[in-house]
Amino acid sequence: MENKNEYIAIDPSEYYVFHPRPAYLIVTKIDENRYNVMAVSWAMPISSEPPLLAIAIGKESYTHEILSRNGELTVNIVGEEHANLVYKAGTLSGKKLDKWKVLGLVPVPSEKVSVPGIKGAYGIVECKVRSKIDAGECSLFICDILAIKVLANTYTKYGWNLRKAKILLHQSGRAFVLPGKIIFAER
């Protein structure tokens, strides 16, 4: 039996050591009348002045192709009620079918980009790609955050109201978790 205080080595490619992570739905514009949606969890803010977001997207994905071509997207922050939607958006290919239509998504018009948000998302972040960096099997898209809107009852001046916004975190595969406890560090 292993001692619970001993460390064990795992393969450096085992990225789930960094999970659970927030799950997001990325929307890109295919053409004037069609949109694509992809589930991602490798996204993070990287600067507040100017507001920048970094998103890692696999080079083989349809979203990578679209985003490399038109450079606009929305990042949709989702919750517990969106788990099935996130899973399906992450497992279906937009190259093979119209995911937007199949998933029954309803657009929310954006203010600064031509790509809509998704109705029902807790938050919609409008972005424009500033640069793309090669990162192994992914590209890291550095994006300017141009506008953010949130559902009023889910957000406070201190951030998400976690009693109302059950932010979805991806664990692995079809497993998701929710933030369950707030703790405060000592002063």
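A: Let us begin with Thr 154, which touches Tyr 122, Gly 159, Trp 160, Asn 161 and Ala 165, leaving aside residues up to four places away in sequence; contact here means heavy atoms within 4.5 Å. Please keep in mind that this is a predicted model, in which local features need pLDDT of at least 70 and side-chain atom pairs count only at pLDDT 80 or more, while totals for chains, interfaces and linings use all residues. Residues are numbered from 1 along each chain as its sequence is written, and side-chain values use heavy atoms, with hydrogens and water left out.

Q: Okay, and where does Thr 154 lie?

A: Thr 154 is in the loop between β10 and β11 (155–156), where strands (E, at least two residues) and helices (H or I, at least four) are DSSP runs numbered from the N terminus.

Q: Is Thr 154 buried or exposed?

A: With a relative accessibility of 3%, Thr 154 counts as buried; the term means under 20% relative accessible area, whereas exposed means over 50% and partly exposed lies in between, using a 1.4 Å probe and protein chains only.

Q: Which backbone oxygen does its side chain reach?

A: The Thr 154 side chain comes to 2.7 Å from the backbone oxygen of Leu 151.

Q: Switching to strands, what about β5?

A: Strand β5 covers residues 51–58, and six of its eight residues are buried, so the strand is largely enclosed by the rest of the structure.

Q: Which strands pair with β5?

A: Strand β4 (residues 43–48) pairs with β5 in the antiparallel sense over five bridges, and strand β10 (residues 138–150) pairs with β5, also antiparallel, over seven bridges; two strands count as paired if DSSP finds at least two bridges between them.

Q: How many residues sit between β4 and β5?

A: There are two residues between them, and the two strands form a hairpin. Within this pairing, Ser 47 stands opposite Leu 52 in β5, while on the β10 side Ile 57 stands opposite Ser 139.

Q: What about the sheet with β1 in it?

A: That is an open sheet of three strands in the order β1-β13-β14, with antiparallel pairing. Strands β1 (21–22) and β14 (175–177) stand at the edges with a single partner strand each, so one side of each is left without a neighbour in the sheet. Two bridges join β1 to strand β13 (residues 169–172), and Arg 21 stands opposite His 170 in β13.

Q: New topic: how many salt bridges are there?

A: A search of the whole structure finds seven, where a salt bridge is a side-chain nitrogen of Lys or Arg within 4 Å of a carboxyl oxygen of Asp or Glu. One of them joins Asp 134 and Lys 59, whose closest N and O atoms are 2.1 Å apart. Asp 134 lies in strand β9 (residues 123–135) and Lys 59 in the loop between β5 and α1 (62–70), so the pair ties together parts that are 75 residues apart in sequence.

Q: How accessible are those two?

A: Asp 134 is exposed at 56% relative accessible area, and Lys 59 is partly exposed at 33%.

How values were computed. Polar contact = N/O pair within 3.5 Å; in protein donor to acceptor, adjacent residues only side chain to side chain.
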